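Please keep the sequence and the structure in view while reading.

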Amino acid sequence: PQLKRGRCSSTGGGISSSSSSISSSSSSSSSSPLTAEPDVTQHELAPNDEFVVLGCDGLWDVMSSQRAVELARLRLRQHNDPQRCAEQLVAEALRMHSSDNVTVIVICFGDEPPQPRVSGNGRFSRAVNQQARNSLA
């Protein structure tokens, strides 16, 4: 919090100590390191997409997107509870000493937990549903 307070104050912004909210100067020519513009990526959902992890920079500062997906997949396979999974990702980011606020939302695209992964040649892995496994037997 002290680091943020100094960084915000030096660029015309401020921190409200009652809510820890951050505000930045409204001037468009501000040299503030703070931005209200999120990183946005569009992805067309495919039938094998199982969930999405949305997080603020407090998560991504300490964890790669691949690691977040691996942890989410593991936790969802254990208990299939997206809220609990999000809480566990927050706890992991805090354990990894994230120095920022951490917010995570996990959205599942189906009722079933993620399918087991089947390793290929070491370069790729893919989900295989039960119907596909039965057809291979």
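Predicted model: local features only at pLDDT ≥ 70, side-chain atom pairs only at ≥ 80, totals over all residues.

## Overall make-up of the chain

The secondary structure of the chain comes to 5 helices and 6 strands, which, when read along the sequence, follow the pattern α-β-β-β-α-α-α-β-β-β-α.

Of the 137 residues in the chain, 22% are buried. The accessible surface of the chain amounts to about 10000 Å², and carbon and sulfur atoms hold 49% of that area.

## Helix α3

Helix α3 covers residues 65-79, has 15 residues, and reaches 21 Å from its first C-alpha to its last, which is close to the 21 Å expected at 1.5 Å a residue. The residue that follows α3 is N80, and the phi of N80 is positive, near 50°.

Which residues of α3 are buried? They are A68, L71, A72, R73, L76 and H79; the charged residue R73 in this list returns below as a partner in a salt bridge with E50.

## Salt bridges

Side chains of opposite charge can pair when their charged atoms come close. A search of the whole structure finds 3 salt bridges. In one of them, the side chains of E50 and R73 meet at 2.1 Å, N to O. Since E50 lies in the loop between β2 and β3 while R73 lies in helix α3, this pair ties together parts that are 23 residues apart in sequence. Both E50 and R73 are buried.

Another salt bridge joins E70 to R67, with the closest N and O atoms 3.7 Å apart, and here both partners lie in helix α3, 3 residues apart, or about one turn of the helix. E70 is partly exposed, with a relative accessible area of 37%, and R67 likewise counts as partly exposed, at 38% relative accessibility.

E92 forms a salt bridge with R95, the closest N and O atoms being 2.7 Å apart, and these two residues both lie in helix α4, again 3 residues apart, about one turn of the helix. E92 counts as buried because its relative accessibility is 18%, under the 20% limit for that class, whereas R95 is exposed, with a relative accessible area of 53%.

The side chain of S98 reaches the backbone nitrogen of D100 at 3.5 Å. When residues up to four places away in sequence are not counted, S98 touches G58, V62 and A93.

Notes: Residues numbered from 1 in each chain as written. Heavy atoms only, no water. Helix = DSSP H or I, 4+ residues; strand = E, 2+ residues; numbered from the N terminus. Expected span 1.5 Å × (residues − 1). Buried < 20%, exposed > 50% of the residue type's maximum accessible area, 1.4 Å probe, protein only. Polar contact = N/O pair within 3.5 Å; in protein donor to acceptor, adjacent residues only side chain to side chain. Contact = heavy atoms within 4.5 Å. Areas by Shrake-Rupley, 256 points an atom, 1.4 Å probe, with all protein chains shown as cover. Salt bridge = Lys/Arg side-chain N within 4 Å of Asp/Glu carboxyl O.
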